[in-house]
Amino acid sequence: MAHYKTEQDNWLIIYLKYLLFVFNFFFWVGGAAVLAVGIWTLVEKSGYLSVLASSTFAASAYILIFAGVLVMVTGFLGFGAILREQKGCLSTYFCLLLVIFLVELVAGVLAHVYYQRLSDELKQHLNRTLAENYGQPGATQITASVDRLQQDFKCCGSNSSADWQHSTYILSREAEGRQVPDSCCKTVVARCGQRAHPSNIYKVEGGCLTKLEQFLADHLLLMGAVGIGVACLQICGMVLTCCLHQRLQRHFY
């Protein structure tokens, strides 16, 4: 009877090991996905960060990158712990899973908080940026961000092209008679912004505000979905790790 129970425990341990091994593989792939989304956010979309009032969006991306790296390192540790069947390694693996879960929880809370106040922040800050900061000395990064924003989203002004009428840049001599910046033009050439006709510049309902808000909302949802997916894998992994640790403890003692 004792021999049968020992054999049954051995099979259960082997089953848990293979199950945890498969989980760890998907967990590692999930970590690579989290890392990729975080890097993509900062590299490809960093041009828009200068027009945002707070750094919450960028902070969420940095947290995702940190979590992604930690997940991949933890994944390698998990493979070693599973193969060696060492309780100490399994305990460390469990603790790292818990830390990663808490890090992603913080990123999720930041993304949710930012999502709630996204619309109000954009309305206040984007209008002020266009009116006061665009084209000013020492604001070259903001100017480049707004130009890229208008070209990428094919829009002009915060709500409409009329927003540029109150811009410090448009009212200055540096504008050289432009009614809107050249980045509002469908085909950008020097001083094309002097003619604000719909055939020449982008006339989009809701302006850049609506498009940027939708872009950020979609991106935050993507970041949240990836984070939730990996978090679900982590919960499964912590349960499996606890089960294997407990079985190994009973097996050896």
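The model is predicted, so local features need pLDDT of at least 70 and side-chain atom pairs pLDDT 80 or more, while totals for chains, interfaces and linings use all residues. Residues are numbered from 1 along each chain as its sequence is written, and side-chain values use heavy atoms, with hydrogens and water left out.

Colleague: How far apart are the end C-alpha atoms of helix α4?

Modeller: Helices are DSSP runs of H or I with at least four residues, numbered from the N terminus. The expected span is 1.5 Å times one less than the number of residues. For the 14 residues of α4 (residues 140-153) that gives 20 Å, and the end C-alpha atoms agree, at a distance of 20 Å.

Colleague: Which residues of α4 are buried?

Modeller: Buried means under 20% relative accessible area, exposed over 50% and partly exposed in between, with a 1.4 Å probe and protein chains only. On the other side of α4, Thr140 and Gln141 are exposed. The buried residues of α4 are Thr143, Ser145, Val146, Leu149, Gln150 and Phe153.

Colleague: Which residues form one aromatic cluster?

Modeller: Rings of Phe, Tyr and Trp (its six-membered ring) pair if their centres lie within 6.5 Å; planes under 30 degrees apart count as stacked, over 60 as edge-to-face and the rest as tilted. The structure holds 3 aromatic pairs. In one of them, the ring centres of tyrosine 134 and tryptophan 164 are 4.9 Å apart with planes at 70 degrees, so this pair is edge-to-face. The cluster consists of Tyr134, Trp164 and Tyr169.

Terms used: Helix = DSSP H or I, 4+ residues; strand = E, 2+ residues; numbered from the N terminus.
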